[in-house]
Amino acid sequence: AYVLGKGEQLSGQQFQTEGIMSFAGYQYTVYYNHSRNVCIARRKMPSGKWEEVILPYRNKADDAHNVITMGICANDGTIHLAYDHHNDPLHYSYSILGNANFPDEMPWTAASFSETTDVMDLPVPNVTYPRFIPKPDGNLLFECRFNWSGHGDSYLREYDGQTKKWYLIGRYVQGEDIEPDACAYINGMNYDKEGKLHVTWCWRDDYGGQTNHDLYYAYSDDNGFSWRDTYGDLKARTDYMVPETDKTTRKSLGQTKRSFMVEEIPLNKGYINQETQAVDSKGRIHVVNSHIPMDEGTDKNWASSRQKARLHHRYRDSDGTWQTRLIKNKGNTVNSFCRVNLSFDAFDNAYVVANGAEIYTATAANDYNDWELLSDLDKNRFISEPLVDKKLLLESGVLSFVYLKKKKKITVIDYLAKNPNKPNG
């Protein structure tokens, strides 16, 4: 794979959301190869050989924002890819119908995917941090930021597997044209088993990470058209508007502490943006973020503040109250020099893959008070952030994650976890 210099990488960023996923007996992962082409590879589970498809599109910018993300529409079996964005027009490609639903019968070649386009329902301008979210009804959501760090809005669209068309839902987060301008950094979007869509985020007031602040939460029970706060009160509606052409009154999620903030995290806390979230089987939203602990002051220097940051696990309990835990290794709090990934098994036990493939776990039975290191067998072998196949862990008891190895290899590691389902390989 192509490797930037030191630091963050084009392949392996937590905000890809879906960089590895399983569907209909196959596992898929995306990356840029050594010639910087967009690639998607698949293997038949549990231990088939990887089959690589190299698309003609090539990345040119040495910018770790410009990752690849993917989604699968269960209703028509199409695979959707978005890539190479940092305030750029949409770069989007999709597969032929049925490609994911019938993988043993359908061709798996570059010709299986469309040419790169900037059009969904309309041309989509100024995209950053795209992500696809599978819906419970088998359709697919697309979420991204419009405009720049410090003054950006966030938008939602839906792909309908019956009509084969995209539809604009609208602007659900307003960061522009409010006082003060800001942008929301999304930890993720997840549906629970009841069909509620959960989102958490922090706000940033300018271009620097030192102005990341606070933890916010909202959920939607109508697929992103309206939003409720942690108490269940309806507080915002998504604005149907087209970026750059429409101006409407503010109805969407804004920087309103009274409504959506669940914990105040001050400026200069080394608070990394858009880290990780997940929903357990009880519908509880969980978030893991790293920042300087609340009782340890602040630091205006980003580099040194990150060295002091520790991994915090927060979750909204069944009674609506928010709980906080510190992730630990032999009783010591854990520093994180990169974003981490949170996922759950069928018992609601939590797994965090952090740093260089360190795995931390905590049990639901002990209310997540027992965070501990499970394994660091692969420590220091990797240079990217981890991406986890959350569906595979939940359904098959396999903790499977992808990393960019120091030796420029895309590597997938599988751990067999305790799970009520009988492993099949």
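A residue counts as buried when its relative accessible area is under 20%, and because Ser-400 has 0% relative accessibility, Ser-400 falls in the buried class. The model described here is a predicted one.

**A buried serine**

- Ser-400 belongs to strand β29, which covers residues 398-404.
- The side chain of Ser-400 makes a polar contact of 2.7 Å with the side chain of Asp-414.

**The largest pocket**

- Rolling a probe the size of a water molecule over the atoms shows where empty space is left.
- The largest pocket has a volume of about 1,100 Å³, and its lining is made up of 43 residues, with Pro-134, Asn-190, Tyr-191, Lys-390 and Lys-391 lying nearest the centre.
- Two or more lining residues come from each of the elements β1 (20-23), β5 (68-73), β8 (127-134), β12 (183-191), β18 (276-279), β24 (341-344) and α3 (390-396), and the largest share, 5 residues, is given by β12.
- Sorted by class, the lining of the largest pocket holds 17 nonpolar, 13 polar and 13 charged residues.

**The second largest pocket**

- The second largest pocket contains about 520 Å³ of space, and 25 residues line it, of which Glu-8, Ile-272, Phe-337, Arg-339 and Glu-385 lie nearest its centre.
- In the lining of the second largest pocket, 9 residues are nonpolar, 10 are polar and 6 are charged.

- Strands of a sheet pair through backbone hydrogen bonds, either parallel or antiparallel.
- β18 and β19 are paired in the antiparallel sense over 4 bridges, and within this pairing Val-279 stands opposite Ile-285 of β19.
- The hairpin of β18 and β19 has 5 residues between the strands, and Gly-283 takes a positive phi near 85° in it.
- Strand β19 (residues 285-291) runs antiparallel to β20, to which it is joined by 6 bridges; Asn-289 has His-312 of β20 as its bridge partner, while Ser-290 has Leu-311 of β20.
- β20 in turn pairs with strand β21 (residues 322-326) over 5 bridges in the antiparallel sense, with Tyr-315 standing opposite Gln-323 of β21.
- In the hairpin of β20 and β21, which also places 5 residues between its strands, Gly-320 has a positive phi near 95°.

**How covered these strands are**

- In a regular strand the side chains alternate between the two faces of the sheet.
- For β19, 7 of its 7 residues are buried, and both faces are covered, with Ile-285, Val-287, Asn-289 and His-291 buried on one side and His-286, Val-288 and Ser-290 buried on the other.
- Strand β20 (residues 310-316) is mostly covered as well, with 6 of its 7 residues buried.

- The pairing of β24 with strand β25 (residues 350-354) is antiparallel and extends over 4 bridges, and Ser-343 stands opposite Tyr-351 of β25.
- β24 is also one of the elements that give two or more residues to the lining of the largest pocket.

**Backbone details in the loops**

- Most residues other than glycine have a negative phi, and most peptide bonds are trans.
- A cis peptide bond, with omega of about 10°, joins Met-45 and Pro-46, and Pro-46 is placed in the loop between β3 (37-44) and β4 (51-58).
- Ala-24 is not a glycine, yet it has a positive phi of about 50°; Ala-24 is found in the loop between β1 and β2 (26-32), and it counts as partly exposed because its relative accessibility is 44%.
- Asn-380, which is not a glycine either, has a positive phi of about 70°; the loop between β27 and β28 (387-388) holds Asn-380, and this residue is exposed, with a relative accessible area of 51%.

Terms used: Residues are numbered from 1 along each chain as its sequence is written. This is a predicted model: local features need pLDDT of at least 70, side-chain atom pairs count only at pLDDT 80 or more; totals for chains, interfaces and linings use all residues. Side-chain values use heavy atoms; hydrogens and water are left out. On a 1 Å grid over the protein atoms alone, a cavity is a set of points where a 1.4 Å probe fits but cannot get out, and a pocket is an open set with protein on both sides within 12 Å along at least five of seven lines; lining residues have an atom within 4 Å of a point. Grid points are joined across faces, edges and corners, and a volume is the space filled by probe spheres set on the points. Ala, Val, Leu, Ile, Met, Phe, Trp, Tyr, Cys and Pro count as nonpolar, Asp, Glu, Lys and Arg as charged, and the others, Gly among them, as polar. Buried means under 20% relative accessible area, exposed over 50%, partly exposed in between (1.4 Å probe, protein chains only). Two strands pair if DSSP finds at least two bridges between them. A polar contact is a pair of N or O atoms within 3.5 Å; within protein, one must be able to donate a hydrogen and the other to accept it, and residues adjacent in sequence count only if both atoms are side-chain atoms.
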